[in-house]
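Let's take a walk through a protein model together. Have the sequence and the 3D view open, and we'll go from the whole chain down to single pairs of side chains.

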Amino acid sequence: MALSLGAYSPPLICKATAANSHSHRHVHDVAYIQRAVEIADKSAGFTSPHPNFGCVIATPSGDVAGEGYQYAQGTKPAEIQAVEAGGEHCRGATAYLNMEPGDCHGDHTAVSALVQAGIKRVVVGIRHPLQHLRGNSIRALRSQGLHVEVLGEDMQSKIVEEARKSCLLVNMPLIHRATSRVPFSVLKYAMTVDGKIAASSGHAAWISSKMSRNRVFELRGRSDAIIVGGNTVRRDNPRLTARHGGGHMPIRIVMTQTLDLPEEANLWDMSEVSTIVVTQRGARRSFQKLLASKGVEVVEFDILNPREVMEYFHDRGYLSILWECGGTLAASAISSGVIHKVFAFVAPKIIGGKYAPSPVGELGMVEMSQAVDLIDVCYEQVGPDMLISGFLQPIPDLTPIIPSEDETFAIDPTVTPYESSIIFFYKTWDPYGAFSNFSPHPIQMPDDNGNYATWPSVEHYYQANKFVGVNDPVARNCIERIKSAKSPEEAARMGRSIQRGQPALVRSDWDSVKIDVMYRALKCKFSIYPHLNSLLLSTAGSVLVEASPHDLFWGGGREGEGLNYLGRLLMQLRSEFLGESSTSSENTCLAL
């Protein structure tokens, strides 16, 4: 009888073992993917416009060999950091990525790092949402013999789906921005338990606790920009700084129809971070000049509404915006469909008041059945306050594809965006993003003494050169600080901030030499990286346009009014390289 039972038992036992093994592996895979998501989230607000990337490498025995995340735009990819940390332990290991690697700069560094390290298996949370990058790295890894599995495709279960959702959430700004054609927008407010954001007098300091206000600073630090209305500027005179001591400070945006704003305000202090005022075309021209004299950028709109403004900042490359406005503007933004998520800090206080303002103004709803229900609602105790958060719109999947750069950037309305004679480059979703001066390609440039120094990027070199040759120890210190900046974005922020706040430190001939400084740096970059040189030469016959809608010197401008000097320099270099190639070919033919 024992032999008989044994004859039937093995298939049942084997089946159960296989299922348990499969489930057990899923548990481990999910745990490592969740860890990749956790560390990827550390860079939120710093990597924009790039996604938040995290990588965890685990050995066959289950030990973590190495991990890493992309700190900021233009810094070392997460995969390379993890491989460097893991060393020889990477051989035969599994790499866990919250998102498929994106080859934004044409050098395949992330894929090459995993292959050369001896990684055997790769688990990917989600495919890359950018159309021209989606699936490329997965195919490249598989072609090199690595076993690649994607959550929701090659692996399916309830816990796998939860992990996949986490991967979507950590890059929600990029994914939501793609599907709605506007930046991912969060409405934040603090209110009393009876629904008031201020007393009838307008006094509002403070409704929420210090712990809640610290959380707001964190939300600001994760955003590209903070937007308020004119009423908030007049009533509260806010600073809207992140106050977290990091390299990233969100831009401050003021939205006002009439430009009825005070001449003196904390937001006009540009020493730490820039302010942009968006207004109706023609509003208070004299006040616009006053703001411009303070360094405040003013952008005019024919039709000023939240949808138009958000579409503009979408084109400008912003991924996430935090709305800290009053009820009138909040209602307009919700009605326009540009708000994706709400963070409501509810304080255990009652202020009362018939005319005390509420967080959201008139929406035109007359029945409770018309109320907007939040999705995926979360409740969190923050000190004495309750934080209620949720989405106003469903969390999008990756089925919608991010629009191509040709659809996104309309520089010249007289030119159809599908003409092959024009190539736009600007941000990470652009296939020619490596042309940017922010791309993470170190260059070696000579100093005044003929000694060569390595600069992390063209932007580092360009910003530092603003202060070269100035006989002042402060200027020399600025150069070293910029050179050691962790990312091109941080280097740009430092250089621009010092230039605005301490103009005496800027070299007197800067305006006349800055084009040459950029040219020399670009020439070095495209000379020492063969794949970049090939990419540039492949555009022969095409007009190159840096598609920044706000930079009228280096970029093409909002409506083609920009000087596009970066595009011009690249076309000049391309012509020079093609000339050298032609001369070289002719000499070879003559020699033969």
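Before we start, one term: two residues are in contact when they have heavy atoms within 4.5 Å of each other. Keep in mind, too, that what you're looking at is a predicted model. Now take the contacts in the chain with a separation of 6 or more: residues 24 or more positions apart account for 70% of them.

Next, the overall inventory. The chain has 592 residues, and buried residues make up 51% of them. Its secondary structure comes to 18 helices and 18 strands.

How do we talk about two helices that sit side by side? Two packed helices are described by the angle between their axes and the distance between the axes. Helix 3 passes helix 4 in a right-handed crossing. Which residues make the contact? On helix 3 look for Val-111, Leu-114 and Val-115, and on helix 4 for Ser-137, Ala-140 and Leu-141. Sorted by class, the residues of this contact are 5 nonpolar, 1 polar and no charged.

The crossing of helix 14 and helix 15 is right-handed. From helix 14, Cys-478, Arg-481 and Ile-482 meet Ala-491, Met-494, Gly-495 and Ile-498 of helix 15. By class, the contact of helix 14 with helix 15 has 5 nonpolar, 1 polar and 1 charged residues.

Time to zoom in on charged side chains. How many salt bridges does the structure hold? There are 24. Start with Glu-67 and Arg-35, which form a salt bridge whose closest N and O atoms are 2.6 Å apart. Glu-67 sits in strand 2 (residues 64-69) and Arg-35 in helix 1 (residues 2-40), so this pair links distant parts of the chain, 32 residues apart.

Another salt bridge joins the side chains of Glu-324 and Lys-188, at 3.3 Å from N to O. Glu-324 lies in the loop between strand 11 (320-323) and helix 11 (327-335), and Lys-188 lies in strand 6 (residues 184-192), so the pair ties together parts that are 136 residues apart in sequence. Buried means under 20% relative accessible area. Glu-324 therefore counts as buried at 10%, and Lys-188 counts as buried at 12%.

For a pair of neighbours, look at Arg-235 and Asp-236, whose side chains meet in a salt bridge at 3.2 Å, N to O. Arg-235 is partly exposed, with a relative accessible area of 42%, and Asp-236 counts as partly exposed at 37%.

Finally, salt bridges can join up into a group: Arg-281, Arg-285, Glu-300 and Asp-302 are linked in a network of salt bridges.

Terms used. Residues numbered from 1 in each chain as written. Predicted model: local features only at pLDDT ≥ 70, side-chain atom pairs only at ≥ 80, totals over all residues. Heavy atoms only, no water. Left-handed = near helix turned anticlockwise from the far one by under 90°. Helix = DSSP H or I, 4+ residues; strand = E, 2+ residues; numbered from the N terminus. Nonpolar A, V, L, I, M, F, W, Y, C, P; charged D, E, K, R; others polar. Salt bridge = Lys/Arg side-chain N within 4 Å of Asp/Glu carboxyl O. Buried < 20%, exposed > 50% of the residue type's maximum accessible area, 1.4 Å probe, protein only.
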